[in-house]
Amino acid sequence: MLPLLSEELLQNAIAVLGRDGISDDEINVEIAALAQDQMLARRLIDWLPEVFGIVLISHMGDIGLPNTFSAQDKHGNWFQLEFKLEPIIQIATKVATEMYHAGPRNIFSNIALRSALLGVVGRVINESGSLDGGYLSGPALIGIPAEIYLSPAKPV
């Protein structure tokens with residue numbers, strides 16, 4: 001069962017991630033203190049930039065956006081999972097879209113620029129000049145185990 005996520009916690013994590021000049025270590029400490037749960041903190045730190053990146057990418061050209069992500073279980077098996085399994089994605093997409101259109105743009109940019117997906121898109125644009133007609137695969141999570149999204153096995 002995933003720990004509870006409130007909109008207040010999400011907004012506070014966005015404020016931390018969007019701060020000018022903040023280091024990764026400062027982000028880890030501050031969001032862990034806010035979340036009071038190490039895995040929830042990791043999910044906020046990893047997912048918020050990807051969601052903000054996807055919102056930015058959606059305004060950059062005619063590209064198919066992902067609706068799945070990959071995560072590895074404790075045995076090393078990879079699973080492709082639907083975005084709907086991560087509540088952060090639904091809430092953060094709404095907030096990021098509003099922030100993209102209404103601001104503050106500097107906070108939006110600071111978070112989106114942390115996105116691995118946006119980094120890939122930037123390289124594609126530099127090499128080919130366009131995203132049109134492409135498809136973006138979802139992120140592969142390293143620090144978030146698949147088990148937190150998978151239903152527990154039922155006894156037979």
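These legends go with a few close-up views of a predicted model.

In this predicted model, local features need pLDDT of at least 70 and side-chain atom pairs count only at pLDDT 80 or more, while totals for chains, interfaces and linings use all residues. Residues are numbered from 1 along each chain as its sequence is written, and side-chain values use heavy atoms, with hydrogens and water left out.

**View 1. The largest nonpolar core has 47 residues.** A nonpolar core here is a set of buried Ala, Val, Leu, Ile, Met, Phe, Trp, Tyr and Cys residues joined through side-chain atoms within 4.5 Å; buried means under 20% relative accessible area and exposed over 50%, with a 1.4 Å probe and protein chains only. Look for I31, L44, W47, L48, F52 and I88, which have the most contacts inside this core. Helix α3 gives the most to it, with 11 residues.

**View 2. Helices α3 (residues 38-57) and α6 (residues 116-128) meet.** Helices are DSSP runs (H or I, at least four residues), numbered from the N terminus. The two axes, lines fitted to C-alpha atoms over the stretch in contact, come within 7 Å and cross at roughly 35°, on a scale from 0 to 180 degrees between N-to-C directions. Contact means heavy atoms within 4.5 Å, and E50, I54, L56 and I57 of α3 make it with A116, L117, L118 and V121 of α6.

**View 3. Helix α6 has a buried face.** L117, L118 and V121 are the buried ones.

Methods: Helices (H or I, at least four residues) and strands (E, at least two) are DSSP runs, numbered from the N terminus. The arc is that of the directions from the helix axis to the C-beta atoms.
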